[in-house]
Amino acid sequence: MIASLFAQAAVTSATVDTGNVHVAGPSIDWLALLPLLILLVGALLTLTFSSFLKSRAPKGLFTWTTVAIAVGAAISALPMWARVQGWNSLMWWNLDQAHTGPFSTAGGAVGIDGFSLFITVVLCIGVVLAALLADDFLRRESMSGPEFYVLLLLSAVGGVIMAMSNDLIVLFIGLETLSIAVYVLAGMNLRRVQSQESGLKYFILGAFSSAFLLYGIAMLYGATGSTNFVDIREFMATVVPIHNGLLLLGLVLVLVGLAFKISAVPFHAWSPDVYDGAPTPATAWMAAGVKAAAVAGLVRVFMLTFSNYASTWKPIMYVLAILSMVLGAALAIVQSNVKRMLAYSSISHAGFILMAIQANSGNGITAAAFYVAVYTFMVAGSFGVATIVGRKGDGNHELSDYQGLVRSNPWLAGSFILLLLAQAGVPFTAGFFAKFLAITAAADAHAVPLALVAMVSAVISAFLYLRIIVAMFMSGGDDGVEDVPRSNRLRVPFAAGLAIGICVVVTVVYGLFPDLLLHNARAATPAAVQYERPSATGSTTAGG
Amino acid sequence: MSASILSAVFASEGAATFPILPALIFVPLIGAVLIALMPKSRPELSRQMAIITGLLTGVLSIALLVEFKTGDAGFQFVVQQTWVQSLDIKFFLGVDGISLFLVVLTGILFPIALFAAKPEHSPKGYYAWLTLLMAGCMGAFLSLDLFLFFLMFEVTLVPLYMLIGKWGHGRRVYAATKFFLYTMLGSAFMLVSIVTLAVVAGAGDKGGVSFDFTKIIATHNLATSTGRWLFLGMAIAFAVKVPSFPFHTWLPDAHTEAPTAGSIDLAGILLKLGTYGFLRYGLELFPEATVWFAPVMLTLATIGVVYGGIVAAMQRNLKRLIAYSSVAHMGFALMGLFALNVEGIEGSVLQMINHGISTGALFILLGFLYTRRHTYEISQLKGIGKVAPVFAGIFTLVMLSSIGVPGLNGFVGEFLILLGTFMAHRWWAVVAATGVIIAALYLLWAYQRVFQGEPDEANKSFPDLKISEKLVMVPLIGLIIFLGIYPKPVLDRIAPSVKRVVTRLEVEVQGFHEPITRNGADLLHITESSHAMNGEHGLGVAANGQEANK
């Protein structure tokens, strides 16, 4: 990207009028980058502000500022969404836009289209949920302070960069920003040795995967002569590579790097350990946010850039999807630790998303977007329950720790049951429609065997969710009739309760009225739009 | 308060044409929500609410029966409402002669199950799940959108899972999980089939995706092999639900551990989802594949009849015994369907209803037995007929109906099925006919061990039925006798829709003719003679058929 920036500068500087050389940078549509900037500036301000605080910050301050920042970022994406979709007005606000449709800015480094904005909003929601879950958790674990929230926001910045990336290098920068923040998040709980192990493990393996990704990017650059998605796409449309070894190697290495982040089998080995060891709200973010960002990366690289090269990468994706779905579900069953179970089940979910991606069609993108959005709520809510049940020390995640939850905390248990059933894909929950759309996409792309494997693995994972549900119904006694002592009742803090409540309500509402979300998921199409150089007058224009 | 809400709902809907089909789904659904909102401290409220809901739905289903236009083969009371625009998924309900009686059966059997058994603990959840189950069953029988059908088919899983898993006996969690996973595995294949069909058939606008049953039926662009694969996917789901022979192993466990109401509804209603599914989403959707698979399905059904009977005879647990007898009886229902003629299919629909009534009644009686003796083990029961004559009497009647003794309801269905199958595939009918004898064997043998002889110490104080328990049995006994003597009203309503299905098979499948062996005989004439309880007529027809076949 840097190279292309300088190339830009060189081109623009050719238009010098007098003797002194103006090195004009690429024009940037700041409004388009607003969500990114709000998150970034918000993170930095939080950090700066907290270091000036003399006394301890008021209870919950950082939580609510983080929530406000994330909500602000999500809202700031709406005008862009309206512009991309070509709306004339946004609620009561008459837009009167000169340009509509997707566009590219910052010298072609960033692509603003339906998909990038959709994922941006999903990431912001993920931040809100994780921050709400973290509120009481951090006080409970004596980890109060702004660090968690700052890292959360920074990793979201990385995620948004990935979602908006229009260039392999930008994608890599986003991935690294995201990952480095999450490495620290995973290892944040200094009192738990598992947390530190988790952080270190994630870091070392993550560094490996980043290296793979970067190496792959280098190969792709060598093979296609560009790192820009649009340029590569045009190159692929015009040139038939005969000696394509370099290209294939590059593609595979990029796939490895991204598959590692969504924890697809066989690049999943880190995820159970890391999910288990990391502080539970951080796990929620990892499962929701990191996965969403990585899916965005996969969609942009494979479905957008290399879509007419699909015959080579589709089979690989096919196998990854099958392995992830089946092994994720099967390995989850033998676990006894709920966090590990959810980790394995999230591997299985990754397989479903890969199934949607391998369809390489509009339906596939819709299904992937829908799945990611719904999954964010389901998994954040589930780990939210685990946050509360983990109790002080964040160590009570065995199946036996959930016994009698139905009696001691009926609402909490009820929410968890609903979220688990949604993950299992039971009708009238959003999870069902997510699976349904992914299967429709696969069937549409003539991958019926894949759809069959998906459904069978859904049944296998249903067993896993049932195991957790059954555990909650048992009181630890013989027949589950007598009451659990009141002392076993868990306190549900307000913020976490709110987060879980949001997740449950959204899961049910989208389950009953899927059109609400489906409508947007359909509009969330990625677009390859060439960056339009600003004209000599220097005004900011963007192609539509 | 709750009643007033319901009446308010009704008043708002009580326009010129009362939307009776949505009401059949939403009344129990709203009831379930209301029960869930009841205070836990007053369990009697939730029971009253459940009974009100159940009775109201029952009355609605009877009203549907009354309003139903006899002789109309198509769908009546159709309601359509778009749900997911882009995929052409609709809230699309309708009822024809085939689904009518299953809906009525659901409407009758659920309230009876509510009266017949009380939960041992936590009544609120129990009644909420039970009414939700009722809503799911109604929805599955009424929906004409493949997607909606699948949803409803799946929705029935969770309530029954909870009922078995929480209110069941001994190994309830094992049984509930097994039931859930088996059925869900079957549905997994069905979902893939449904989705593929919706995509491949392209019945929507401009060849787009559509889940509309009537639209898909109207398109004819399904390749032969595609149709067969899709049929297979659906068949697995339904075969698990029926349950047909190699997929039946979940049923005995589920029945043995289920609470009484769970068993009644499972045997009475939920198993019918399987045979009903075969009829509506197998025979009607995939005519070619149906004809092609018919011998296989017939063979499985016949094995089910004989095998189910033999295994039932070996059982030591009464509930397990009845569960295996269900395998045999549902085998008959499946056999009738794949005879692919009007007699067989009619008999099969009738058998579904009869089995619901008889087996439902048997499970109610076993529930009474369990509340008194807390066991289903045959070896621990002895001489109950001496101490509880009314109980024994009713049990005898229901048992005879289950065996298929002429004059009681079970006979009519099984006779028509055997007749239909005989005309289509003679030897299968011959083998399956032994199933009737085996049924007499296992039921009479069990009866003998449980009810006859001198009661021992444990059984001496076995109290006879209370008046409330007798009252519960009255409607079922009435139906058993009525349908045995005069099934014409039922057959009259079933026949047109069944003829529609068979005609469609003949039109759609090249070279297929309805397997019949008589010349232009009026169908209703035959069926009437068969339930005139006169052995001569019945035999005469069979012999007639044999002659014509030569």
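This is a predicted model: local features need pLDDT of at least 70, side-chain atom pairs count only at pLDDT 80 or more; totals for chains, interfaces and linings use all residues.
Between chain A and chain B there are zero salt bridges.

**Where the chains meet**

- The contact brings together 36 residues of chain A and 32 residues of chain B.
- Polar contact between chain A and chain B comes down to one residue pair, with both residues at pLDDT 80 or more.
- On the chain A side, the elements that give two or more residues are α16 (410-424), α17 (430-444), α18 (448-473), α19 (494-512) and α20 (514-523).
- Of these, α18(A) gives the largest share, with 13 residues.
- Sorted by class, the side of chain A that touches chain B holds 29 nonpolar, two polar and five charged residues.

**The second largest pocket**

- Rolling a probe the size of a water molecule over the atoms shows where empty space is left.
- In the second largest pocket, that space is about 600 Å³.
- Its lining has 25 residues, and those closest to the pocket centre are Ala116(B), Ala117(B), Lys118(B), Thr371(B) and Glu469(B).
- Three helices of chain B give two or more residues each to this lining: α4 (97-116), α15 (342-373) and α21 (467-485).
- The largest share, five residues, belongs to α15(B).
- By class, the lining of the second largest pocket splits into twelve nonpolar, six polar and seven charged residues.

**Salt bridges**

- Side chains of opposite charge can pair when their charged atoms come close.
- Over all chains, the count comes to 22 salt bridges, while the count between chain A and chain B is zero.
- One salt bridge joins Asp136(A) and Arg139(A), whose closest N and O atoms are 4.0 Å apart.
- Why are Asp136(A) and Arg139(A) separated by about one helical turn? Both belong to helix α4 (residues 114-140) of chain A and are three residues apart, so about one helical turn separates them.

**Backbone details to look at**

- Most residues other than glycine have a negative phi, and most peptide bonds are trans.
- In chain A, the peptide bond from Val265(A) to Pro266(A) is cis, with omega near 10 degrees.
- Pro266(A) sits in the loop between α9 (245-261) and α10 (270-277) of chain A.
- Chain B has a cis peptide bond from Val242(B) to Pro243(B), where omega is near -15 degrees.
- The loop that holds Pro243(B) runs between α10 (224-241) and α11 (250-257) of chain B.

Note on methods:
Residues are numbered from 1 along each chain as its sequence is written. Chains are lettered from A and ligands numbered from 1 in the order in which they are written. Side-chain values use heavy atoms; hydrogens and water are left out. On a 1 Å grid over the protein atoms alone, a cavity is a set of points where a 1.4 Å probe fits but cannot get out, and a pocket is an open set with protein on both sides within 12 Å along at least five of seven lines; lining residues have an atom within 4 Å of a point. Grid points are joined across faces, edges and corners, and a volume is the space filled by probe spheres set on the points. Helices (H or I, at least four residues) and strands (E, at least two) are DSSP runs, numbered from the N terminus. Ala, Val, Leu, Ile, Met, Phe, Trp, Tyr, Cys and Pro count as nonpolar, Asp, Glu, Lys and Arg as charged, and the others, Gly among them, as polar. Contact means heavy atoms within 4.5 Å. A salt bridge is a side-chain nitrogen of Lys or Arg within 4 Å of a carboxyl oxygen of Asp or Glu. A polar contact is a pair of N or O atoms within 3.5 Å; within protein, one must be able to donate a hydrogen and the other to accept it, and residues adjacent in sequence count only if both atoms are side-chain atoms.
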